[in-house]
Amino acid sequence: MTTNAINDTRKAELLSTTVKHIDIRSFDARPIIDGMAGMSFTSRDLARATSIYNDMLKDPDCTIFLVIAGSTSAGGCMDLYAELVRNNMIDGIVATGASIVDMDFFEGLGHKHYQALEVPDDDTLRSLLIDRIYDTYIDEEQLQNVDHTIFEIAETLEPRAYSSREFIREMGKYLVEHGKKDNSLVKLAYEHDVPIFCPAFVDSSAGFGLVKHQVDAVKAGKPYMVLDAIADFRELTEIKIKAGTTGLLMIGGGVPKNFIQDTVVCAEILGHDDVQVHKYAVQITVADVRDGACSSSTLQEAASWGKVNTGIEQMVFAEAGSVMPLLASDAYHRGYWKDRAVRGWSKLFA
């Protein structure tokens with residue numbers, strides 16, 4: 001057997017067990033959440049956070065933003081987030097580029113994430129072109145397909161400035177025509193007019209494809225499309241101004257968390273002194289509050305900046321993949337989403 005054949009066999013062994021994304025419709029978490037409400041520590045925090053999310057769904061005036069940082073999409077929550085869009089349980093998304101591009105769009109193209117049933121030396125993984133996220137594997141060769149697809153999409157666009165929302169909408173349109181998975185967040189958001197913002201969009205596989213688009217255009221002496229981060233901030237603030245009452249369901253923290261919270265301050269700078277702080281807020285994180293980082297800053301702290309209401313907020317210090325399925329299943333089965341008006345905020349920029 002040749003060396004390449006040995007490597008191919010070893011790679012196939014390591015990439016043999018796909019991550020199965022949890023289906024929140026398949027189980028009813030309401031009895032568990034109800035029981036946790038009578039407990040203490042993180043259990044009670046989760047029950048209160050779930051109650052706050054249900055209050056967002058019951059409030060006829062509330063626009064709900066799903067805010068995602070971290071790798072829960074790769075770890076098994078991808079279909080969970082898709083169900084929130086499909087069932088009108090969220091109205092806008094702010095996320096990292098990795099969550100949207102390297103994970104969701106990646107699977108939308110037909111690729112998979114794999115469970116790492118063993119974790120060999122990472123140099124070995126590198127030699128096999130396998131990328132690792134903790135105990136999850138990604139085939140680097142498949143990920144490069146994402147880079148090239150992003151390049152292809154960019155090549156079809158008029159050479160001008162685009163917000164990340166605009167470009168991600170083009171990605172959703174591409175998946176409608178060429179995708180291999182119905183449960184893609186990017187695809188469903190396109191179909192349901194739910195805007196997705198990635199304030200650090202190029203910090204993902206999209207970056208490689210967009211750099212190639214720009215370099216090739218410069219070499220050819222042609223204009224090229226660019227991303228406009230200021231337009232991201234302006235558009236998201238426009239939604240906040242028009243939405244009025246808003247709620248945040250945040251997984252992780254970092255740039256997406258700060259970006260959505262800052263819309264309140266930005267609206268004030270633009271002269272909208274009557275814009276409300278975010279009325280409801282839930283954050284699920286494992287970040288340590290002692291390091292001064294945005295990911296770990298409490299929602300109470302955000303109130304000092306005039307961003308979040310201190311009365312209806314809950315921090316849940318837990319690994320999101322272990323608690324989001326309970327929160328989302330509870331909200332799905334309570335069914336308050338069935339009476340919500342469809343907001344279609346993407347149409348604001350049509």
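**Exercise 1.** How many disulfides does the count come to?

Solution. Keep in mind that this is a predicted model. A disulfide here needs a pair of cysteine sulfur atoms within 2.5 Å. By this rule, the tally is zero disulfides.

**Exercise 2.** Work out whether Cys198 and Cys266 are buried or exposed.

Solution. The cut-off for buried is under 20% relative accessible area. Cys198 comes in at 1%, so Cys198 is buried. Cys266 has 16% relative accessibility, so Cys266 counts as buried too.

**Exercise 3.** Take a walk along helix H12 and describe its length, its bend and its buried residues.

Solution. Start with length: H12 covers residues 254-269, which is 16 residues. From first C-alpha to last, H12 reaches 23 Å, close to the 22 Å expected. Next, look for a bend: H12 has a kink of about 35 degrees, centred on Thr263. Thr263 is also one of the buried residues of H12, and others include Pro256, Phe259, Ile260, Val264 and Cys266.

**Exercise 4.** Find the largest cavity and say what lines it.

Solution. Searching the whole structure turns up one cavity of 30 Å³ or more. The largest cavity has a volume of about 70 Å³. Its lining is made up of Arg165, Ile168, Arg169, Val186, Ala189, Tyr190, Val194, Pro195, Ile196 and Ser346. Helix H8 (164-178) and helix H9 (185-191) are the elements that each give two or more residues to that lining. Sort the lining by type, and you get seven nonpolar residues, one polar and two charged.

Methods:
Residues numbered from 1 in each chain as written. Predicted model: local features only at pLDDT ≥ 70, side-chain atom pairs only at ≥ 80, totals over all residues. Heavy atoms only, no water. Buried < 20%, exposed > 50% of the residue type's maximum accessible area, 1.4 Å probe, protein only. 1 Å grid on protein atoms, 1.4 Å probe; cavity = no way out; pocket = protein on both sides within 12 Å on 5 of 7 lines; lining within 4 Å. Points joined across faces, edges and corners; volume = space filled by probe spheres on them. Helix = DSSP H or I, 4+ residues; strand = E, 2+ residues; numbered from the N terminus. Nonpolar A, V, L, I, M, F, W, Y, C, P; charged D, E, K, R; others polar. Expected span 1.5 Å × (residues − 1). Bend = angle between axes of the 7 residues up to and from the residue.
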